[in-house]
Amino acid sequence: MTMAPASSANVYCTNATDKEISYANNSSLQKKVQLKTRPFLEDTIKDMLSKMVHVPCIKVADLGCASGPNTFFPTCEVMDIIASVCRQAHWESPELQVFLNDLPQNDFNTVFKSIPAFNGKPCFIAGVAGSFYQRLFPSKSIHFVHSSYSLHWLSKVPRGVEDNKGNLYIAKSSPPNVSKAYSGQFRNDFSRFLHFRSEEMITEGRMLLTFIGRSSTDPTSKDCCAIWDLFTKSLLDLVAKGLVRESDIDSFNVPYYYPCEEEMREIIEKERSFALDKLEIFEMNWDFEDDVFNENFEKSRSGRNVANCIRAITESMIASHFGEAIIDDLFSRFAQHVGEHLSCEKTKYYVTIVVSMTMK
């Protein structure tokens, strides 16, 4: 369920090597996010271990693991932190059992073929296929739950967005019921997520979640809608060329939602299973290679970088709805629109929310 490698592209090409570029770019972004959240992970693990001294085996669930270069990065980080804490406290390091979860269509064969050696440390890996919006594990069995860049994916497209004509997501031109429908679907999904995890986790277990959100309470704010506005613009270019029917755009909405801090706090408090330890927000530029002080900005390169990341996570559903024939042309135009946009302003698409919680 994470940024799933739906394949793709050096935006303009379709051979196997170019398809790897798209997911590689997306993996680079995720790696950058995971490195940025390392201090949160370290604090959470340290606090958990202080309450669970001499546990022989710690069970970890990584939800939305995907398959790619970063699949085992959280596991390695957790192992390193546990080993460091135990070494400093003169404790014997516990064994680690890690459950890697994603939807059944995830490439688990590739995951299992790439299991690292973990430097000889005792770590046992298992795959768990299924949606994290349902039960996945036995009752009171999990010590630590981790999920990175997954929970902004909804379980389905919300009902009641049929009148969101000409938009793929919430936009300034969307009727008020559209943002309400998206918000309601997220509230329902995230509440279910918390409820099921509360049944699976032990008391005093910890959970660290990282996902894309928004900085404003306004669901049509630029930091969450601008990217989809540019994507819609790219599709409308193809409508003008007769390659896409406008009715197909009208009938397509992404199963994605960017919550704000206020929504997160309200849902967690209302669900009541977890104590909120920490909630923080940081921002990253759309282009993972760019930063505010980059004096060597190239709009064509930045446009391609962003387009490749979005293509990696959307191509399968775009191709399913609009057909594969338009994919290269669509993302080529999208790259151009993004490049032009970034040359004018530094909209930070990746408003990242980090949430640390303790099971009551």
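I began at Y149, which lies in the loop between strand 4 and helix 5. The model I am reading is predicted, and I kept that in mind for every entry below. Y149 has a positive phi of about 55° although it is not a glycine. I noted beside this that most residues other than glycine have a negative phi.

K140 sits in the loop between strand 3 (123-129) and strand 4.

**Strand 4**

How many residues of strand 4 (residues 142-148) are buried? I found seven of the seven buried, so strand 4 is largely enclosed by the rest of the structure. I then followed its pairings: strand 1 (residues 57-63) runs parallel to strand 4 and is joined to it by three bridges, with A61 having V145 as its bridge partner in strand 4. Strand 5 also pairs with strand 4 in the parallel sense, over six bridges, and there I saw S148 standing opposite T210 of strand 5. Between these two strands the chain passes through helix 5, and this β-α-β crossover from strand 4 to strand 5 is right-handed.

**The nonpolar core**

I looked up the largest nonpolar core, which has 105 residues, and wrote down F190, F193 and F231 as those with the most contacts inside it. For F193 I left aside the neighbours within four places in sequence, and the contacts that remained were L63, F132, Y133, L151, M207 and L209.

**Helix 8**

Which residues of helix 8 (residues 261-271) are buried? I listed E263, M264, I267, I268 and E271. These cover an arc of only 125° around the axis, which puts them on the same side of helix 8. On the other side I found E269 and K270, both exposed. The buried residues pack against helix 5 (176-200), strand 5 (201-213), strand 6 (274-284) and strand 7 (350-359). After helix 8 comes R272, which has a positive phi near 75°.

**H337**

I turned to H337, which has its place in helix 10 (residues 327-344). Its relative accessibility is 17%, and because the cut-off is under 20%, H337 counts as buried. Not counting residues up to four places away in sequence, H337 touches L230, K233, S234 and D237.

Stepping back, I noted ten helices and seven strands in the chain, with buried residues making up 56% of its 360 residues. Of the contacts with a separation of 6 or more, 83% are between residues 24 or more positions apart.

The chain averages a pLDDT of 88, and 89% of the residues score at least 70. Where is confidence lowest, and where highest? I found it lowest in helix 1 (residues 16-36), at a mean of 61, and highest in helix 5, at 98. Over residues 1-25 the pLDDT stays under 50, and I recorded that the model has 88 contacts beyond four places in sequence for that stretch.

Definitions and conventions. Residues are numbered from 1 along each chain as its sequence is written. This is a predicted model: local features need pLDDT of at least 70, side-chain atom pairs count only at pLDDT 80 or more; totals for chains, interfaces and linings use all residues. Side-chain values use heavy atoms; hydrogens and water are left out. Buried means under 20% relative accessible area, exposed over 50%, partly exposed in between (1.4 Å probe, protein chains only). Helices (H or I, at least four residues) and strands (E, at least two) are DSSP runs, numbered from the N terminus. The arc is that of the directions from the helix axis to the C-beta atoms. Contact means heavy atoms within 4.5 Å. A nonpolar core is a set of buried Ala, Val, Leu, Ile, Met, Phe, Trp, Tyr and Cys residues joined through side-chain atoms within 4.5 Å. pLDDT is the predictor's confidence in each residue, from 0 to 100. Two strands pair if DSSP finds at least two bridges between them. A crossover is right-handed if, with the strands pointing away from the viewer, the path from the first strand over the helix to the second runs clockwise.
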